[in-house]
Amino acid sequence: FVIAVLGAIALPVVAAVLWTRASRPGATPRPHQRLRAVGRLLALFLAQALACLALFLHVNNVFGFYASWDDLLGIGGQGPARVSAQGLDAGQGRFQAFPIRGAAARGDVLVWLPPGYDDPANAQVRYPVVMFLPGVPSTPANLNRQFDVGAQASKAILSGTVKPFIVVMPPAIIAPPRDTECMDGPRGPQAESWLVRDVVDGIVRGYRAVEPGPQWSLMGWSTGGICSTKIALRFPTRFGAAVSIGGDSEPYIDNTTGDLFGGSQQLRNENTATWLYKQHKTRGVKLLLIAGKQDRSSWPSTQKLVNLAKGDPNVSLLTFPTGGHNLNGYRPLVPQMFAWLQRVRAFG
């Protein structure tokens with residue numbers, strides 16, 4: 001990003017200086033005037049390209065669309081990307097990268113531990129857990145930067161708004177660059193099993209976390225929101241609440257997902273929040289759906305689920321009037337998300 005910015009500034013300045021010298025009266029005429037004109041056009045094009053690249057990199061750094069050049073170019077690896085806790089704002093808590101070696105996948109998750117977790121007086125305390133899922137493409141580290149998770153959670157706990165809890169941020173993509181929408185594909189990665197079994201069981205073994213159930217909850221941004229709602233509806237004995245942040249209530253198919261369902265309508269239904277709700281209501285799971293009314297990506301399908309759930313006290317809606325599918329409208333609502341989880345007793 002820095003190189004692109006410096007290049008975008010320096011190249012026009014250098015070109016202007018050289019062209020001014022070449023245009024001075026008495027300057028020695030150069031042959032091949034057409035080639036010189038082409039050279040100037042190429043310099044202008046390169047300056048514009050560098051400016052566009054700098055803008056793209058800035059937007060990507062802010063919103064975390066791509067975590068690496070391999071991510072951008074669609075170059076896959078053998079498993080989830082490595083997770084690092086270095087340089088992250090943990091507020092008054094602390095971050096750890098924790099390895100999970102499960103049956104469905106092997107990878108690292110980012111774990112945030114609340115203030116007081118290491119206090120000897122709390123050595124016997126077991127904590128509720130929020131599993132926070134990133135969008136696609138993104139990473140747990142980007143998710144923390146996007147929503148300021150560590151600092152916001154610290155503030156909520158220290159203010160007494162909520163009881164202490166652990167945050168787990170796993171990679172949502174276990175076979176990059178493919179987006180599985182957190183499902184077990186018929187011939188693909190077992191992303192649902194990774195999240196619901198491997199990650200949950202690994203955290204219970206590795207930390208003082210409560211057993212799966214009412215005090216385990218899900219949150220997710222964008223594609224992570226799709227995952228949060230449907231996983232909670234599919235596994236009501238493992239999760240007690242879910243928060244969808246700008247997530248659809250129905251799956252999508254594009255070039256990043258490939259054929260998720262193998263032609264099976266039943267498999268598609270079982271991974272669609274609206275269908276699951278029609279069949280089973282919420283099974284006691286509490287849902288918070290958050291979508292901006294100008295968010296064309298999530299608002300239409302969110303409305304479908306809200307309309308189905310009219311009068312259901314287990315389903316809540318939080319919305320705002322202006323702003324599209326970006327973090328500007330959603331990020332300020334994080335304190336309300338944590339407060340809602342406390343109200344529905346996800347934190348005990």
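Before turning to single residues, I note the cut-offs I am using: a residue is buried under 20% relative accessible area, exposed over 50%, and partly exposed in between. The model is a predicted one.

Entry on Ser 316. Ser 316 belongs to strand β8, which covers residues 315-320. I also checked its distance to Leu 288, and the two C-alpha atoms are 4.8 Å apart in space although 28 residues separate Ser 316 and Leu 288 in sequence.

Entry on the whole protein. I counted twelve helices and eight strands in the secondary structure, and I noted that the C-alpha trace spans about 85 × 50 × 40 Å along its principal axes. Of the 348 residues, 49% count as buried.

Entry on Val 2. I then went to helix α1, residues 2-22, in which Val 2 lies. Val 2 has a relative accessible area of 56%, and I therefore list this residue as exposed. Together with Phe 1 and Leu 6, Val 2 makes a nonpolar surface patch of about 310 Å².

Entry on a helix pair. How do I describe two packed helices? I use the angle between their axes and the distance between the axes. For helix α7 (residues 223-234) and helix α9 (residues 273-280), the axes come within 9 Å and cross at roughly 25°. Angles under 35 degrees count as roughly parallel, and α7 and α9 are therefore roughly parallel to each other. I recorded the crossing of α7 and α9 as left-handed.

Terms used: Residues are numbered from 1 along each chain as its sequence is written. This is a predicted model: local features need pLDDT of at least 70, side-chain atom pairs count only at pLDDT 80 or more; totals for chains, interfaces and linings use all residues. Side-chain values use heavy atoms; hydrogens and water are left out. Patches are made of residues with over 30% relative accessible area and no salt bridge: like charges are joined within 9 Å, nonpolar side chains (Val, Leu, Ile, Met, Phe, Trp, Tyr) within 5 Å. Accessible areas come from the Shrake-Rupley method with a 1.4 Å probe; for residues, only the protein chains shown count as cover. A salt bridge is a side-chain nitrogen of Lys or Arg within 4 Å of a carboxyl oxygen of Asp or Glu. Helices (H or I, at least four residues) and strands (E, at least two) are DSSP runs, numbered from the N terminus. Buried means under 20% relative accessible area, exposed over 50%, partly exposed in between (1.4 Å probe, protein chains only). Axes are lines fitted to C-alpha atoms, for helices over the stretch in contact, and angles run from 0 to 180 degrees between N-to-C directions. Angles under 35 degrees count as roughly parallel, over 145 as roughly antiparallel, 65 to 115 as roughly perpendicular and the rest as oblique. A crossing is left-handed if the near helix is turned anticlockwise from the far one by less than a right angle, and right-handed if clockwise.
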